Amino acid sequence: MTTRGVLYVHSAPRALCPHVEWAVAGVLGTRVSLDWIRQPAAPGTWRSEFSWQGQAATASKLASALRGWQMLRFEVTAEPSPGAEGERYSCTPDLGIFHAVTGIHGDILIPEDRLRAALLRSTTGETDLEAEIAKLLGKPWDDELEPFRHAGEGAPVRWLHQVV
């Protein structure tokens with residue numbers, strides 16, 4: 001099964017950019033040279049985005065390959081494909097990584113057990129239900145990444161294909 005997706009590197013220090021390319025190349029199995037542009041939302045950092053095509057597990061492999069760098073902000077999306085739901089990964093230095101399963105229209109699908117756990121934490125007074133639902137939907141990540149997304153409007157996008 002193949003799918004398509006997009007990797008958004010929202011901000012990376014210049015010294016980290018070649019390492020990001022090497023990590024992505026390792027996942028895709030082909031040489032990668034990204035088009036980097038300055039990230040105005042965080043002076044001194046760079047951004048890039050590109051579309052990819054590969055196996056259904058490619059988004060998780062990309063997120064895993066990139067999650068270890070503390071100064072990197074990124075998102076990886078994968079479209080649903082026959083036999084596999086879509087996915088979204090978001091990562092920030094302060095929050096770490098967020099993962100969500102997405103449906104055919106891009107909506108986040110929250111598993112029943114995670115909803116039950118959030119409800120239990122709220123009924124026991126451990127937390128507020130609204131805050132729990134916001135975390136399940138990735139709102140803290142969206143809030144932190146939104147200025148970086150906006151700064152990237154109009155950035156060039158290139159398609160990369162996984163070598164099988």
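Leu72 is found in the loop between α2 (58-66) and β4; helices (H or I, at least four residues) and strands (E, at least two) are DSSP runs, numbered from the N terminus. The model is a predicted one, in which local features need pLDDT of at least 70 and side-chain atom pairs count only at pLDDT 80 or more, while totals for chains, interfaces and linings use all residues. Residues are numbered from 1 along each chain as its sequence is written, and side-chain values use heavy atoms, with hydrogens and water left out.

Leu72 counts as buried, at 1% relative accessibility. Here buried means under 20% relative accessible area, exposed means over 50%, and partly exposed lies in between (1.4 Å probe, protein chains only). When neighbours within four places in sequence are left aside, Leu72 is in contact with Val9, Ser11, Ala12, Leu16, Val20, Leu66, Cys91, Thr92 and Pro93, where contact means heavy atoms within 4.5 Å. Leu72 and Trp46 are 26 residues apart in sequence, and their C-alpha atoms are 9.9 Å apart in space.

## Overall architecture

The chain contains five helices and eight strands. Along the sequence these elements follow the pattern β-α-β-β-α-β-β-β-β-α-α-α-β. The C-alpha trace spans about 50 × 40 × 25 Å along its principal axes.

For 164 residues, a compact globule would have a radius of gyration near 15 Å, and the value of 17 Å for the chain agrees with this. The radius is taken over C-alpha atoms, and the globule rule is 2.2 Å times the number of residues to the power 0.38. Buried residues make up 42% of the 164 residues. Of the contacts between residues at least 6 apart in sequence, 63% join residues at least 24 apart.

## Packing of α1 and α2

Two packed helices are described by the angle between their axes and the distance between the axes. The axes of helix α1 (residues 17-28) and α2 come within 9 Å and cross at roughly 150 degrees. Axes are lines fitted to C-alpha atoms, for helices over the stretch in contact, and angles run from 0 to 180 degrees between N-to-C directions. The crossing of α1 with α2 is right-handed; a crossing is right-handed if the near helix is turned clockwise from the far one by less than a right angle, and left-handed if anticlockwise.

On the α1 side, the contact is made by Val20, Ala23, Val24, Val27 and Leu28, and on the α2 side by Thr58, Lys61, Leu62, Ala65 and Leu66. These residues divide into eight nonpolar, one polar and one charged. Ala, Val, Leu, Ile, Met, Phe, Trp, Tyr, Cys and Pro count as nonpolar, Asp, Glu, Lys and Arg as charged, and the others, Gly among them, as polar.

## Packing of α3 and α4

Helix α3 (residues 112-123) packs against helix α4 (residues 129-136) at an angle of about 155 degrees, with the axes 9 Å apart. The two helices are therefore roughly antiparallel to each other; angles under 35 degrees count as roughly parallel, over 145 as roughly antiparallel, 65 to 115 as roughly perpendicular and the rest as oblique. The crossing of α3 with α4 is right-handed.

In α3, Arg114, Leu115, Ala118, Leu119, Arg121 and Ser122 meet Leu129, Glu132 and Leu136 of α4. By class, this contact has five nonpolar, one polar and three charged residues.

## Individual helix positions

Glu21 is found in helix α1 and is buried, with a relative accessible area of 14%. Beyond residues up to four places away in sequence, Glu21 touches Val32, Ser33, Leu34 and Trp36. Glu21 and Ser33 are twelve residues apart in sequence and 6.3 Å apart in space, C-alpha to C-alpha.

Ser60 lies in helix α2 and is partly exposed, with a relative accessible area of 24%. Not counting residues up to four places away in sequence, Ser60 touches Glu87 and Tyr89. The C-alpha atoms of Ser60 and Glu130, 70 residues apart along the chain, are separated by 28 Å.

## Individual loop positions

Ser81 is placed in the loop between β4 (73-78) and β5 (86-92). With a relative accessible area of 11%, Ser81 is buried. Leaving aside neighbours within four places in sequence, Ser81 is in contact with Thr2, Thr3 and Ala56.

Asp94 is found in the loop between β5 and β6 (96-102). Asp94 is exposed, with a relative accessible area of 66%. The C-alpha atoms of Asp94 and Trp141 are separated by 9.4 Å, and the two residues are 47 residues apart along the chain.
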